[in-house]
Amino acid sequence: MQNYQHSGAIPPIGALLTMLISFSAAAVMGVCYTMLFYYIPFIYLNFLLTLGFGTILGLIVGGFARSGKIRNTTFVTLLGFLAACVGLYFAWGTTFFGIVEMGKLPETVVNLNIKAYDPMMIIALAQHLFKNGSWALRGGGNVTGWFLVAFWLVEAGMIFYFTLTNARESITKDIFCEQCYEWIPTEIAQVLQGDKNDPAWEQIRMGMLAPLADMERYTGGDSFIKLSVSCCPNCSTTQYFSAHACQTKVDKDGDTSTSETPIIVHQQLTSTDVELVRNAGREPVVAQPDEAADGDGNDGADGLPNIVT
């Protein structure tokens, strides 16, 4: 069966607006990021600041790419990369203002102004920081040398990773109807018992969806299958479904998390197949309650019959 792939289209106006907005946002965020970094004295908060910088920038790039109806993942990834470069460039230039005392900041801004963003000035600043540093870990001297370089690399890596990941995810999570020229939201159609190792999935990948009707609907447990559909409300040419194996875990602090492993991603459907996916699975069998006189304990604690699958 055919699986959905973006057409690769890049609307010129949408691309231009996405670039202008993304790069402008990256510049502003780079300035704010550096000032906050130097005026927040807690390294753990700085870590979250770096994570937030990359995540928000990626969402901005992806969000405007989606609004501009860009259906080219490579292009959006490139925009995310360039936006991260712009953000880091302005973050480095702003370091001139971040490392000075608050009282001297106005004077420094007047003296340096846009010269702080001269590439040669930034290179000289990096060399200065390599030798002297500008911040210290608790109870120690300034972080300098190759240890500082390692920190810079990790910082940049985080920003690039979260920017690119969120930018790509914004346009890859849903499909686009070329006929109606709009994004199609994805909705959960059904939840089933089972896992990704069921041999029935091989038949389903080949377009034989009958096994879905024989699976059991989810009644509880840590593992389950989530079926989702993406159907254009205005035409019947854009109809797809996906299946993910889900695993719920509880950590030592009692927090619950669910991981998803794709089994099928955006497989094309006919109108008949859509209904089959929506109605997938057999209803749980309700055990008949024994007579009260039997007292064999098969009823639930509340007197209702137990649900068995």
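Two strands are taken to pair if DSSP finds at least two bridges between them. The model described here is a predicted one.

**The sheet**

Four strands, in the order S3-S4-S5-S6, form an open sheet whose pairing is antiparallel. Strand S3 (187–192) and strand S6 (256–268) stand at the edges with a single partner strand each, so one side of each has no neighbour in the sheet. From one strand to the next, the twist averages 25°.

Strand S5, which covers residues 239–250, pairs with S6 in the antiparallel sense, and strand S4, which covers residues 223–231, pairs with S5 in the antiparallel sense as well. The table lists the bridges of these two pairings.

| Pairing | Sense | Bridges |
|---|---|---|
| S5 and S6 | antiparallel | 10 bridges |
| S4 and S5 | antiparallel | nine bridges |

Individual partners can be named within these pairings: serine 228 has serine 242 of S5 as its bridge partner, while histidine 244 is bridged to proline 262 in S6, and threonine 248 stands opposite threonine 258, which also lies in S6. S5 and S6 form a hairpin with five residues between them, and in its turn glycine 254 has a positive phi of about 85°. S5 is mostly covered, since nine of its 12 residues are buried.

**The helix pair**

Helix H1 (residues 12–39) packs against helix H2 (residues 43–67) at an angle of about 170°, and their axes are 9 Å apart. Because of this angle, H1 counts as roughly antiparallel to H2. On the H1 side, the residues that make the contact include Ile21, Ala25, Met29, Tyr33 and Phe37, and on the H2 side they include Leu49, Phe53, Ile56, Ile60 and Phe64. The residues of this contact divide into 15 nonpolar, five polar and no charged.

How far apart are the end C-alpha atoms of H2? They are 36 Å apart, and this agrees with the span of 36 Å that the 25 residues of H2 should have at 1.5 Å a residue.

Several residues of H2 are buried, among them Asn46, Thr50, Gly54, Leu57, Gly58, Val61 and Ala65. The buried residues of H2 pack against H1, and also against helix H3 (73–98) and helix H6 (145–172). After H2 comes lysine 69, whose phi is positive and near 60°.

Definitions and conventions. Residues numbered from 1 in each chain as written. Predicted model: local features only at pLDDT ≥ 70, side-chain atom pairs only at ≥ 80, totals over all residues. Heavy atoms only, no water. Helix = DSSP H or I, 4+ residues; strand = E, 2+ residues; numbered from the N terminus. Axes fitted to C-alpha atoms, helices over the stretch in contact; angles between N-to-C directions. Parallel < 35°, antiparallel > 145°, perpendicular 65-115°, else oblique. Contact = heavy atoms within 4.5 Å. Nonpolar A, V, L, I, M, F, W, Y, C, P; charged D, E, K, R; others polar. Expected span 1.5 Å × (residues − 1). Buried < 20%, exposed > 50% of the residue type's maximum accessible area, 1.4 Å probe, protein only.
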